[in-house]
Amino acid sequence: MSEPRKDPLRFAHSISHPVRLCRCTTSRAAKAAPRMYFCFIVEEQYRHDSMPMVIAERLLQWGHTVDLLEPSETVTCLSDLTRKGYDAYVLKTVAGGPGLSILQAAEAVGIPTINNSRSISLVRDKTIASAFAHAQGLPVPRTYFIAHPRLLRKIPEKDYPLVVKPTNGSSCRGIYRLSSPADLAKLEIAAPHPCFFLAQHYVENAGYDIKLYVIGKDVYSVARKSPLHPEVEVEEQLIPLRSEWRKLARRVGEIFGLDIYGLDVVETSNGPVVVDINDFPSFGHVPGAVSHVSNYILQIAEQARLKRRKATIKIALQPQFSDHPAPVLGGGPIPEAIARCVRRRDEWKSGSR
Amino acid sequence: MRLLIADAVHSYRRFVKQVLESTGDLKVVGEAADGEEVVRLAQQSKPDVVLMDIDLPDLDGLEAIRRIKAAQPGTKVIMLSLLDGETYRKAAAKLGADAFLLKGAEISELLSVVGWGRPAPRHRVCKGGGVCPNLAKIL
């Protein structure tokens, strides 16, 4: 699912508002469900990728409304965030991208986000993710942060072999393996600037990576060729899930607070070891992933909507509102419910009921 | 217990073989990459269980079940599929398949369907169907 999109969704340049996607056909099932309103923050790097755009398209097909916001091309009015009435903001982040700021702003004013900004902040920089995972007791290799490749010389020889990778890397790019300090002489790192690096102890493994994709509680395992073992033939495909992989994947989700995520693990003699964590991965080779992720986003947004509704009704029924008219919170069923409750309360007070 | 694995992808066969043989009680006696090969190897090696992808080249998995079951009715045939679907399940069952399992199923489930360890409570059901959930139910 990481291949370039053949039919990219429309983006407008030099605009000041998100682009509303046009609604397509609506399925019968979607008509029975409440209509939801989403804002997809699409970082420039992903505007031609299938993910997350296929999710936006699917939600649209199901009759929901989706706006696309490209942070690098859009002026976002922060004063209007709550007025927009979005049920949720959805972000597939890129390290250093501006999307996270908007997501944080939305979250700060009480709009649900997928994933939440804290989780995204923890995983999008591999330095933070690695330190946090280690501190939480997750099985991760011993890792060093280095601001420049010349500092590799200072890493103790006992920690070799090393895997060197950029802190803001993605898609297995810019990963190098050093068997011993002698390899430093021939190391030529081609990395984007500005860029820092992680040097991780290489753990002996089966020679292929296992990508664990998680949607809520559901875990899928996909075998993947390792960039460090080009000699091992692996066709990327769904494979049977080991129970320890499922447990590890769910634990990562609980610790980082992620809803939709992926982790790269390698199988070692001591069990699975986590080498990378991503929010909103491609879900390549996961059957039905687009519908499953879309359904999950709808569930989160709906639960948040219900929570808001309950909270608003609770506020309206509090005694301090007794001498005030019902609060006005915009159109829709929430004010109606409040008004009904307030009406009943007034009827009780006046004795007409 | 002797097993035969049939899947077009070599790395998938290798992974499943590794998993099955790690139990110590199961032995993979053959690997086939297409439908013709699995039928031939089933007759030659007489396995107890055949684990077979439904989507095989040359001769599809459904036709392969029919031929294996016709020649060796006592051999247990387990169909593996990337996608769940009532049509596939019914077709496989009609031709004599003993079980139908998704390729992404848990290993414990695979082992119990094969007949190793505790029986599986139920076969894994594919998640992520094609329709928007009726969220009114939550309301």
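Predicted model: local features only at pLDDT ≥ 70, side-chain atom pairs only at ≥ 80, totals over all residues.
**Entry 1: confidence**

I began with pLDDT. Chain A averages 83. A score of at least 70 is reached by 80% of the residues. Over residues 1-15 of chain A, pLDDT stays under 50. The model has 31 contacts beyond four places in sequence for residues 1-15. Residues 329-333 of chain A also stay under 50. For residues 329-333 I noted five contacts beyond four places in sequence.

**Entry 2: strands around β3(A)**

I then asked which strands pair with β3(A), residues 65-69. One is β1(A), residues 19-20, which runs antiparallel to β3(A) over two bridges. Here V19(A) stands opposite L68(A). Another is β2(A), residues 37-42, which pairs with β3(A) in the parallel sense over five bridges. I picked out C39(A), whose bridge partner in β3(A) is D67(A). From β2(A) the chain passes through helix α2(A), residues 53-61, to reach β3(A). This β-α-β crossover is right-handed.

**Entry 3: the five-stranded sheet**

I moved on to an open sheet of five strands in chain A. I read the order as β12-β11-β10-β13-β14, with antiparallel pairing. Which strands are at the edges? They are β12(A), residues 237-239, and β14(A), each pairing on one side only.

Strand β10(A) spans residues 208-215, and strand β13(A) spans residues 260-268. The two run antiparallel and are joined by six bridges. L212(A) stands opposite L263(A) in β13(A).

**Entry 4: helix α4(A)**

Last, I turned to helix α4(A), residues 117-124. Is this helix mostly covered or mostly open? I found it mostly covered, with six of its eight residues buried. I listed the buried ones: S117(A), S119(A), I120(A), L122(A), V123(A) and R124(A).

What do these buried residues pack against? I noted three helices of chain A: α3 (99-108), α5 (126-135) and α6 (243-256). I also noted three strands of chain A: β4 (88-92), β5 (113-114) and β14 (271-279). Strand β14(A) ties this entry to the previous one.

Key: Residues numbered from 1 in each chain as written. Chains lettered and ligands numbered in written order. Buried ≥ 20, exposed ≤ 12 C-beta atoms within 10 Å, placed from the backbone. Helix = DSSP H or I, 4+ residues; strand = E, 2+ residues; numbered from the N terminus. Contact = placed C-beta atoms within 7 Å. Pairing = 2+ DSSP bridges. Right-handed = clockwise from strand over helix to strand, strands pointing away. pLDDT = per-residue confidence, 0-100.
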